[in-house]
Amino acid sequence: MGKKTLVPEEKWEGLRHAMEEAAGTRKTSKTPGLLPAAEGEAAGPERGKKRGAMEESKKERNGEKKKKEKKQKKKEKKKKKGKKGKGKKKKGKG
Amino acid sequence: MRKITVINQKGGTGKTTTAVNLGAALSEIGREVLLVDLDPQAGLTESLGVETSGRPTVAEVLTREAEPREAFHAFPHLTVLPSSPVLAETEKRILRDRPSDYPLALKDAMAGLRGFDFVIVDCPPSLGALSLMGMVYSGSLLIPLQTQYMALNGLEKILGMVKTIREAGFPMEILGILPCMYDVRTSLSRQVEEHLRETLRDKVFRTVIRQSVCLAEAPARSKDVLSYQPGGRGAEDYRALAQEVLRHG
């Protein structure tokens, strides 16, 4: 029969981490078992931020679109008015 | 002067037994040893039969109402700075009077102390202000650990506190973890000891304090185990520990 393990392996792993931190050989104080995010892979909070930023930019873009539409409408109106005005001025000069 | 603080927030792990008998083993080989009882329960003081009535104790030393030497009780090669239940009130007073630098209270009170090869501090079974004072004073910890599952939880807490103190700027080293109350007949004792060595390697003393009736009987006779039963298992283990501490430097 195999040897019965009375103390779980996680307990020893936790102790090893605690000792490394106490002795100053481990700089970070991350929770045991949590590996740092791989390079190039976005971590949780940043992902959240990006999502927020995306939402903001969407809003901005929607707002810009509306503004652009308004501007275009104004330009069209001005063009119509401007043509009339320009014609009158030409007449006055000659 | 080598300073060692014996600490574990769990009660009954062998702190006082280790402080007394390591001190006795070092004094047996001619080292001048001072034992500081920093526990309001005064277990170390009582186990060596030190009478404190009408005399200053570590409580008065901490508040600077007495000089350490005024409170000393001397045996051959072994001196005791005793404690008394008054220390519990003194702890509160120090916290009130020195809220920002109370961890330095023992270090300040013992500044300038000379004439000892070893100072061994016995802490109360808590990680409170008194234990913190003891830790900061020596900067070197001896952690007695029962070879049982529940003791491992306590060890993690102490290590967490060591990290916090070190990060606060106080130098702190773990001299070693001492497996205590080792019962070779139980597989739990054997497994805990084996895994402790595998996991924490050189931070575990090679010496193991085996379970022994004489270690419990000696305080009842107001003696250390080396005087009570010089050829016994307890005396043998603590002599081995003293040699290991000496080798550590």
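1. Which strands of chain B does helix 1 (residues 15-28) lie across? In this predicted model, helix 1 of chain B lies across strand 1, strand 2 (33-37), strand 4 (78-81), strand 5 (118-122), strand 6 and strand 7 of chain B, and its direction makes an angle of about 165 degrees with strand 5 of chain B. Helix 8 (residues 149-167) of chain B lies across strand 6 and strand 7 of chain B, running at about 165 degrees to strand 6 of chain B.

2. In chain B, 7 strands form an open sheet in the order 3-4-2-5-1-6-7, with mixed pairing. Strand 3 (73-75) and strand 7 (173-180) of chain B stand at the edges, and because each has a single partner strand, one side of each is left without a neighbour in the sheet. From one strand to the next, the twist averages 20 degrees.

3. Strand 2 of chain B can be examined residue by residue. Of its 5 residues, 5 are buried, so strand 2 of chain B is largely enclosed by the rest of the structure. In a regular strand, side chains alternate between the two faces of the sheet. Here Val33(B), Leu35(B) and Asp37(B) point one way, while Leu34(B) and Val36(B) point the other way, and all are buried; a reader checking the model may note that Asp37(B) is in this buried set.

4. The pairing of strand 2 can be followed on both of its sides. Strand 2 of chain B runs parallel to strand 4 of chain B, to which 4 bridges join it, and the bridge partner of Val36(B) in strand 4 of chain B is Leu81(B). Strand 2 of chain B also runs parallel to strand 5 of chain B, with 5 bridges between them, and in strand 5 of chain B the bridge partner of Leu34(B) is Val119(B).

5. Further along the sheet, strand 1 (residues 2-6) of chain B is joined by 2 bridges to strand 6 (residues 140-146) of chain B, and these two strands run parallel. Leu141(B) of strand 6 of chain B is the bridge partner of Thr5(B), and Leu141(B) also stands opposite Ile174(B) in strand 7 of chain B. Strand 6 and strand 7 of chain B run parallel and are joined by 7 bridges. Although strand 7 of chain B is at an edge of the sheet, strand 7 is mostly covered, with 7 of its 8 residues buried.

6. Which elements does helix 12 (residues 233-248) of chain B pack against with its buried residues? They are strand 1, helix 1, strand 5, strand 7, helix 10 (213-217) and helix 11 (225-228) of chain B. The buried residues are Gly234(B), Ala235(B), Asp237(B), Tyr238(B), Leu241(B), Ala242(B), Glu244(B) and Val245(B). Helix 12 of chain B has 16 residues and reaches 23 Å from its first C-alpha to its last, close to the 22 Å expected at 1.5 Å a residue. Gly249(B), with a positive phi near 90 degrees, follows helix 12 of chain B.

7. The axes of helix 1 and helix 12 of chain B come within 8 Å and cross at roughly 75 degrees; the two helices are therefore roughly perpendicular to each other. Helix 1 of chain B contributes Thr17(B), Thr18(B), Asn21(B), Leu22(B), Ala25(B), Leu26(B) and Glu28(B) to the contact, and helix 12 of chain B contributes Tyr238(B), Arg239(B), Leu241(B), Ala242(B), Val245(B) and Leu246(B). By class, this contact has 8 nonpolar, 3 polar and 2 charged residues.

8. Tyr102(B) lies in the loop between helix 5 (86-97) and helix 6 (105-109) of chain B. Its C-alpha atom is separated by 7.5 Å from that of Ala129(B), 27 residues apart along the chain. Leaving aside neighbours within four places in sequence, Tyr102(B) is in contact with Ile94(B), Leu95(B), Ala129(B), Leu132(B) and Met133(B).

9. Arg64(B), in the loop between helix 3 (58-62) and helix 4 (68-71) of chain B, has a positive phi near 65 degrees and is a residue other than glycine. Ser222(B), in the loop between helix 10 and helix 11 of chain B, has a positive phi of about 55 degrees although it is not a glycine. With a relative accessible area of 37%, Ser222(B) is partly exposed.

Key
Residues are numbered from 1 along each chain as its sequence is written. Chains are lettered from A and ligands numbered from 1 in the order in which they are written. This is a predicted model: local features need pLDDT of at least 70, side-chain atom pairs count only at pLDDT 80 or more; totals for chains, interfaces and linings use all residues. Side-chain values use heavy atoms; hydrogens and water are left out. Two strands pair if DSSP finds at least two bridges between them. Axes are lines fitted to C-alpha atoms, for helices over the stretch in contact, and angles run from 0 to 180 degrees between N-to-C directions. Contact means heavy atoms within 4.5 Å. The expected span of a helix is 1.5 Å times one less than its number of residues. Buried means under 20% relative accessible area, exposed over 50%, partly exposed in between (1.4 Å probe, protein chains only). Angles under 35 degrees count as roughly parallel, over 145 as roughly antiparallel, 65 to 115 as roughly perpendicular and the rest as oblique. Ala, Val, Leu, Ile, Met, Phe, Trp, Tyr, Cys and Pro count as nonpolar, Asp, Glu, Lys and Arg as charged, and the others, Gly among them, as polar.
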